[in-house]
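Morning, everyone. Let me put the model up, and then I'll walk you through it.

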Amino acid sequence: MKKLTTRSFKTIAAILALVLFVQIPAASAASLSELKKERSQLEAEKKSINKSLEQKTNEIQTNQNRQQKIISQLEQLGAKINETNHNIAVVELDIEIANEEISILEDEIAELKEKIEQRNELLRERARAIQSSGTVSYLDVLLGANSFVDFIDRFSAVSTLMDADRQIMREQKEDQEKLEVQKLELLKKKEDLEANKAKLKSLMASLNQQKKEKKQLVAELEKEEAKLRSEKTELKAEYDDKVELSKELEEKFLKEQRRLAEVARQKALEAAAAKKKKQSSSNSAVSSGNLPVVSAGNWTRPAAGRFTSGFGRRDIGPIGSKNHLGIDIANSIGTPVVAAADGVVSYVGSMNGYGNVVMVTHSIEGKLFTTTYAHLSGFNTSVGASVSKGQQIARLGNTGNSTGPHLHFEIHVGEWNGSRSNAVNPLNYISL
């Protein structure tokens with residue numbers, strides 16, 4: 001009874017140890033999966049912020065283009081204002097010259113008025129003389145001559161007086177007509193100059209108003225640009241924070257991958273020790289149902305089926321070519337997918353164009369590898385599970401960016417990274 005109790009206790013302790021050993025990696029692997037999700041979310045946020053930054057940059061460029069266009073218009077307005085100022089100066093000079101001409105004309109008018117007034121006074125004097133001497137006519141003067149000689153003298157005098165009177169009247173009429181013409185010319189010249197000056201000043205006021213409005217618009221655009229730059233700075237700071245956080249997550253992710261790699265290494269050592277206890281032919285191969293033939297050595301093919309696409313650059317039709325970072329094995333949906341080597345499952349879930357994915361971390365002969373199985377229809381494992389070479393982990397499918405049922409299989413030397421820069425040709429490790 002005592003022996004049985006001791007044996008039972010040992011059995012229970014072993015089971016507990018095994019459970020704890022399995023659960024701890026599973027929990028950590030689940031943490032790795034969460035870290036991957038968080039990293040993907042961060043990348044999406046960084047992409048969104050980067051898009052916003054590009055948009056702000058474009059808005060700032062558009063704003064600056066508008067400013068440049070308005071500044072160009074302001075320069076044109078400045079040229080028009082300078083031209084208008086020149087024209088106003090010319091008109092003011094014309095007005096100044098016209099004012100001098102008007103002053104001379106006014107002097108001439110004043111002189112003419114004085115001459116007219118003098119003639120008027122002479123005519124008034126003649127009229128008064130006639131009134132004071134009675135109503136004596138030029139005929140009476142001629143008939144009163146004492147002799148022929150006296151008549152001739154009187155006739156000559158009368159003719160002279162009559163000519164003088166006619167000349168005075170003629171000059172008076174001409175000067176009065178000239179006076180009216182000069183007055184009209186003076187008024188017309190003044191009106192034309194003032195109208196031209198008013199027109200130019202109106203144009204100047206309009207140009208100044210346009211210039212004021214343009215300057216105000218430039219000020220508003222500069223204010224808007226300052227706001228856009230401030231928003232861009234905030235977005236850049238937010239993006240830098242995300243980058244910093246992304247680096248921290250990357251470090252955590254890599255640290256967890258290394259820990260899982262160490263777990264895989266330990267498992268590999270244990271598996272190697274267990275294999276030594278078994279007797280098997282180094283060249284033997286086994287298969288079961290639709291499972292692929294399990295090869296001897298460290299690696300085996302991940303699925304049965306037809307090899308359809310190799311590693312490297314391949315043509316994808318009219319859109320060009322792309323780098324194919326794995327190999328493709330075609331078969332029907334549901335075909336078993338197995339682990340290509342002993343290891344620990346580090347990721348189970350969906351991943352963009354890969355569709356449903358399983359990742360397994362391996363430690364083989366002291367070297368770290370990560371295998372990726374994509375486009376799956378379902379899973380037969382979970383994160384943290386220890387798997388053996390040839391053990392089913394998933395089912396072949398057509399999920400993600402896939403044109404038909406197949407397995408896309410990748411091998412990475414070291415830890416898996418988003419850029420897949422360490423992908424190698426799987427055919428260097430497995431046989432088809």
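Start with Phe307, which lies in strand 1. Helices (H or I, at least four residues) and strands (E, at least two) are DSSP runs, numbered from the N terminus. Phe307 has a relative accessible area of 36%, so it is partly exposed. On that scale, buried means under 20% relative accessible area, exposed over 50%, and partly exposed in between, with a 1.4 Å probe and protein chains only.

Before going on, the ground rules. This is a predicted model: local features need pLDDT of at least 70, side-chain atom pairs count only at pLDDT 80 or more, and totals for chains, interfaces and linings use all residues. Residues are numbered from 1 along each chain as its sequence is written, and side-chain values use heavy atoms, leaving out hydrogens and water.

Back to Phe307. Together with Leu427 and Leu432, Phe307 forms a nonpolar patch on the surface, with about 250 Å² of accessible area. Patches take residues with over 30% relative accessible area and no salt bridge; nonpolar side chains (Val, Leu, Ile, Met, Phe, Trp, Tyr) are joined within 5 Å, like charges within 9 Å. Accessible areas come from the Shrake-Rupley method with a 1.4 Å probe; for residues, only the protein chains shown count as cover.

Now the whole chain. Three helices and twelve strands make up its secondary structure. Of its 432 residues, 33% count as buried. The accessible surface comes to about 26400 Å², and 54% of that belongs to carbon and sulfur atoms.

Next, strand pairing, which requires at least two DSSP bridges between two strands. Strand 1 (residues 306-309) pairs with strand 4 in the antiparallel sense, over three bridges. Ser309 stands opposite Asp328 in strand 4. Strand 4 is also joined to strand 11 by four bridges, again antiparallel. There, Ile327 stands opposite Phe409. Which way do the side chains of strand 4 (residues 327-330) point? Ile327 and Ile329 go one way, Asp328 and Ala330 the other, and all are buried.

Strand 11 (residues 406-413) includes His406. His406 counts as buried because its relative accessibility is 10%. Its side chain reaches the backbone oxygen of Gly404 at 2.8 Å. Leaving aside residues up to four places away in sequence, His406 touches several others, including Asp328, Ile329, Ala330 and His375. Contact here means heavy atoms within 4.5 Å.

On to salt bridges: a side-chain nitrogen of Lys or Arg within 4 Å of a carboxyl oxygen of Asp or Glu. How many does the structure hold? Three.

The side chains of Glu410 and Arg420 meet at 3.0 Å, N to O. This pair links distant parts of the chain, ten residues apart: Glu410 sits in strand 11, Arg420 in the loop between strand 11 and strand 12 (423-424). Glu410 is buried at 0% relative accessibility. Arg420 is partly exposed at 25%.

Then helix 3 (residues 148-277). Asp192 and Lys188 form a salt bridge at 2.7 Å, N to O. They are four residues apart in the helix, so about one helical turn separates them. Asp192 is partly exposed at 39%, and Lys188 is partly exposed at 46%. Glu225 and Arg229 form another, with the closest N and O atoms 3.0 Å apart. Glu225 is buried at 13%; Arg229 is partly exposed at 39%.

That's the tour. Over to you.

Methods
Polar contact = N/O pair within 3.5 Å; in protein donor to acceptor, adjacent residues only side chain to side chain.
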